[in-house]
Amino acid sequence: MASYCDYCNSHPEDRFNRVYHDTQYGFPLEDDDLLFERFVLEINQAGLSWTTILKKAENFHRAYHGFKIAKVASYGEKDRARLLADAGIIRNKLKVNAAIVNAQRILALKKEYGSFKGWLDANHPLSLEEWAKLFKKTFVFTGGEIVREFLLSTGYLPGAHDADCPVYACIVLLNPAWSNGSRP
């Protein structure tokens with residue numbers, strides 16, 4: 001299977017993936033709302049192409065009020081109905097529900113760990129299998145591939161970029177969690 005770097009290099013016409021590859025994928029995130037956004041987007045990608053999600057990313061950002069965790073956690077039935085009627089996002093009842101429930105669970109984690117990032121850092125490093133079990137215990141709609149891509153894309157697991165990819169060198173300079181196993 002070709003790497004994401006190989007895909008982007010062999011598909012120069014795919015600007016959505018190129019921009020994401022070059023500016024977001026694998027870069028460590030510090031902000032909880034950005035981590036939550038990535039988590040929700042990864043959940044919504046399940047069963048679909050990542051390109052579909054990238055094309056709808058701005059719509060997701062608008063529909064979920066900038067992925068403000070406290071705001072999404074407060075969503076009720078009116079918001080669920082609004083999201084399920086929004087053709088600009090993925091209108092899947094389980095995925096919409098997962099965003100809301102997971103926002104509520106992140107708020108609970110914040111009470112103990114100070115932040116979503118604090119929870120991730122407190123559990124780092126884990127193997128992918130251990131991470132998948134922890135996410136399954138803590139959140140809803142989280143399979144192994146969702147967890148893997150979320151952790152790769154946010155700098156908690158290595159492998160987002162090939163070692164000879166120029167972006168890899170940029171990410172290493174940012175000291176992602178995987179680079180030394182001792183971050184934060």
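How many nonpolar, polar and charged residues are in the lining of the largest cavity? The points below take up this question and then move to other parts of the model.

1. This is a predicted model, in which local features need pLDDT of at least 70 and side-chain atom pairs count only at pLDDT 80 or more, whereas totals for chains, interfaces and linings use all residues. Residues are numbered from 1 along each chain as its sequence is written, and side-chain values use heavy atoms, with hydrogens and water left out.

2. The lining of the largest cavity has seven nonpolar, three polar and no charged residues, where Ala, Val, Leu, Ile, Met, Phe, Trp, Tyr, Cys and Pro count as nonpolar, Asp, Glu, Lys and Arg as charged, and the others, Gly among them, as polar. Among the lining residues are Gly26, Leu152, His161 and Trp178, and the space inside is about 60 Å³. On a 1 Å grid over the protein atoms alone, a cavity is a set of points where a 1.4 Å probe fits but cannot get out, a pocket is an open set with protein on both sides within 12 Å along at least five of seven lines, and lining residues have an atom within 4 Å of a point. Grid points are joined across faces, edges and corners, and a volume is the space filled by probe spheres set on the points.

3. The second largest pocket holds about 400 Å³ of space, and of the 16 residues that line this pocket, Tyr20, Gln24, Leu54, Ala57 and Glu58 are the closest to its centre. Helix H4 gives the largest share of the lining, six residues; helices here are DSSP runs (H or I, at least four residues), numbered from the N terminus. By class, the lining of the second largest pocket has ten nonpolar, one polar and five charged residues.

4. Leaving aside neighbours within four places in sequence, Phe135 is in contact (heavy atoms within 4.5 Å) with residues including Phe39, Trp119 and Leu151.

5. The structure holds zero disulfides, a disulfide being a pair of cysteine sulfur atoms within 2.5 Å. Cys5 is in none, and the nearest cysteine sulfur, that of Cys165, is 3.7 Å away. Cys5 is buried, with a relative accessible area of 3%, where buried means under 20% relative accessible area, exposed over 50%, and partly exposed in between (1.4 Å probe, protein chains only).

6. Most residues other than glycine have a negative phi, and most peptide bonds are trans. His65, however, has a positive phi of about 50°, and Phe67 has one of about 60°. His65 counts as partly exposed at 34% relative accessibility, whereas Phe67 is buried, with a relative accessible area of 0%.

7. A further backbone feature is the peptide bond from His124 to Pro125, which is cis, with omega near -5°; Pro125 lies in the loop between H8 and H9.

Key
Helix = DSSP H or I, 4+ residues; strand = E, 2+ residues; numbered from the N terminus.
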